[in-house]
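I opened this notebook to record what I looked up in one protein structure. The entries follow the order in which I examined the parts.

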Amino acid sequence: MSKEKIALFTIFGGTGDLAQRKLYPSLFKLYQKGYLQEHFAVIGTARRPWTNEHYHGVITDSLASLNADPAMVAKFADHFYYQSHDVTDAQHYITLKKLSEKLDAQYGLEGNRIFYLAMAPNFFGTIAQHLRSENILTPNGFNRVIIEKPFGHDFESAKELNDQLTATFNEDQIYRIDHYLGKEMIQNISAIRFGNNIWESLWNNRYISNIQVTLSEKLGVEERAVYYDNSGALRDMVQNHILQILSLLTMDQPVEFTEKDIDVEKVKALRSLRPLKPEEVATNFVRGQYGADGDVQAYRNEDKINPDSNTDSFVAGKIMIDNFRWSGVPFYVRTGKRLADKFTRIDVVFKRPIVNIFNHDDVRANDDADAHLAPNVLTINVEPTEGVELQMNAKNVGQGFATTPVKLNFAHDSAATANSPEAYERLLHDALNGDATNFTHWKEVAYSWKFVDVIQKYWDEHTPDFPNYRPGSMGPTASDELLAKDGHEWVYKS
Ligand code: NAD
């Protein structure tokens, strides 16, 4: 059976950063692998008055780092068509419809359409509405829309956006991108959990002490300053990526590994998040903003950032899940900019053995923490290393019976990682296949916003004492204290 997929892509925002950095290279990789062959075409639209020739040059430039065969690149670029289009102008959709129909006939696209909205979300409603009113959706093939984050800035705005989209598309035609769900090791969470009896048997509050999720960035706000300053770490990272990861870590086993069954379990997990009362926010969530250090300027002095900004460039939080499996287990999450390093990792900290028979007297007599055995820790390294690490206790070599923590380590070899598709390539392929497993569904978005809104509202009503962390650190000391007061500590320390 041919693996070729047949579709017309219409990319709104075809001149933008996302299109050039991620979408064109990902489409090209699908082309190289034979998922796209002759029966595909791409319409790039944006306001600039580009010609097709200029557009082909942009496509070619966007693939420069791939060092691909120039003849193949040229053949690929021939499938691209540029249309200057202001998405708020109804007239332009008439031209778009004509071009779509022409390409459909020319490339034999069978009415299959994927609309990629690589633009600011305030345009999504207008685009969806015009796609319907101008009859750009086809009755014979599939019609799917891919949406970028952010999906709203709180529950109300997300609901409004969703209502606008669902006036044109059904939920199963909407593919909300969360690019973390396209990452190899995030997808691997389910394989590790449900493919291994030892883990799934222990994956509950009887054996797990706490779970830590860290999404750490080394850079500052860079070119996303205007957007970021209106958003902050909580909305930019926790509402979507972190809560999605949490739902995969905590959901019950789906009946089958299918989109519908997984969604059911993820929604149950997100519904079980213990909602914070406003007065509990300050004791369960920590926000931070970096100051200056050496050559690194403070957040408030970054280009295009409001000099009085109270936006959080760091957040750490303790999340509880009220269900049979997780009751009593804290989930500590943190993310921020200008931290010690760039990485994403998950640390599952197991409970310690109750008695340390190797150091029996110390534990009993003094309740000396150092005399306890170290906990087993299962670390899922998401990036830049992709792999799994297990810390366990073993005997020190030689005389006596002192124990020492040792590490079992698995990392994908670099050849496998090099061939592993990037998140966007994987997700575009899924969308072509009609598989929305690794996209976020509306109910997941809704429960996530409801959880986050309480925190954001409390923060908006209380002035923070910023700046409160040093660039190159792992955030404010309050983040360490959040765990310390429960008798825990971050597994990763800078
Ligand atoms: P960008 O500013 O580089 O591109 C925006 C595009 O929209 C441009 O092509 C511009 O010409 C077009 N546009 C603006 N107004 C228009 C109008 N009225 N009619 C037609 N076209 C118009 O933005 P970007 O960085 O490519 O981001 C696009 C979307 O993707 C945003 O929602 C952003 O939040 C999201 N996103 C981007 C990235 C990234 O890495 N760039 C990552 C995650 C999410």
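**Ground rules.** I noted that this is a predicted model, in which local features need pLDDT of at least 70 and side-chain atom pairs count only at pLDDT 80 or more, while totals for chains, interfaces and linings use all residues. I number residues from 1 along each chain as its sequence is written, and side-chain values use heavy atoms, with hydrogens and water left out.

I looked up the UniProt record, an unreviewed entry, and found the annotation "domain: Glucose-6-phosphate dehydrogenase NAD-binding" over residues 11-188. Its positions are given in the numbering used here, its feature names are shortened, and annotations may be inferred rather than shown by experiment. Over residues 11-188 I read 45% helix and 15% strand, with the end C-alpha atoms 30 Å apart. Helices (H or I, at least four residues) and strands (E, at least two) are DSSP runs, numbered from the N terminus.

**Parallel sheet.** I traced an open sheet of 6 strands with parallel pairing, in the order β3-β2-β1-β4-β5-β6. Two strands pair if DSSP finds at least two bridges between them. Which strands stand at the edges? They are β3 (80-84) and β6 (174-176); each has a single partner strand, so one side of each is left without a neighbour in the sheet. The twist averages 20° from one strand to the next. Within this sheet I followed β4 (residues 113-117) and β5 (residues 143-147), which pair in the parallel sense over 5 bridges. Arg113 stands opposite Asn143 in β5.

**Mixed sheet.** I then traced an open sheet of 8 strands with mixed pairing, in the order β8-β9-β10-β7-β11-β12-β13-β14. Here β8 (285-288) and β14 (403-411) are at the edges with a single partner strand each, so one side of each lacks a neighbour in the sheet. The twist averages 15° from one strand to the next. Strand β9 (residues 314-319) runs antiparallel to β10, joined by 6 bridges, and Gly317 has Val333 of β10 as its bridge partner. Helix α17 (residues 477-484) packs on the sheet and touches β7, β8, β9 and β10; contact means heavy atoms within 4.5 Å.

**Helix pair.** I found helix α1 (residues 17-32) packed with helix α15 (residues 423-433) at an angle of about 65°, their axes 8 Å apart. Axes are lines fitted to C-alpha atoms, for helices over the stretch in contact, and angles run from 0 to 180 degrees between N-to-C directions. Among the residues in contact are Leu23 and Leu27 of α1 and Leu428 and Leu432 of α15.

**Salt bridge.** How many salt bridges does the structure hold? I recorded 27 salt bridges, each a side-chain nitrogen of Lys or Arg within 4 Å of a carboxyl oxygen of Asp or Glu. In one of them Arg21 is joined to Asp17, with the closest N and O atoms 3.1 Å apart. Both residues, Arg21 and Asp17, lie in helix α1, 4 residues apart, about one turn of the helix.

**Backbone details.** I checked the peptide bond from Lys149 to Pro150, which is cis with omega near 5°; Pro150 is in the loop between β5 and α6 (155-166). A cis peptide bond also joins Glu383 and Pro384, with omega about -5°. I also noted Glu110, a residue other than glycine, with a positive phi near 55°.
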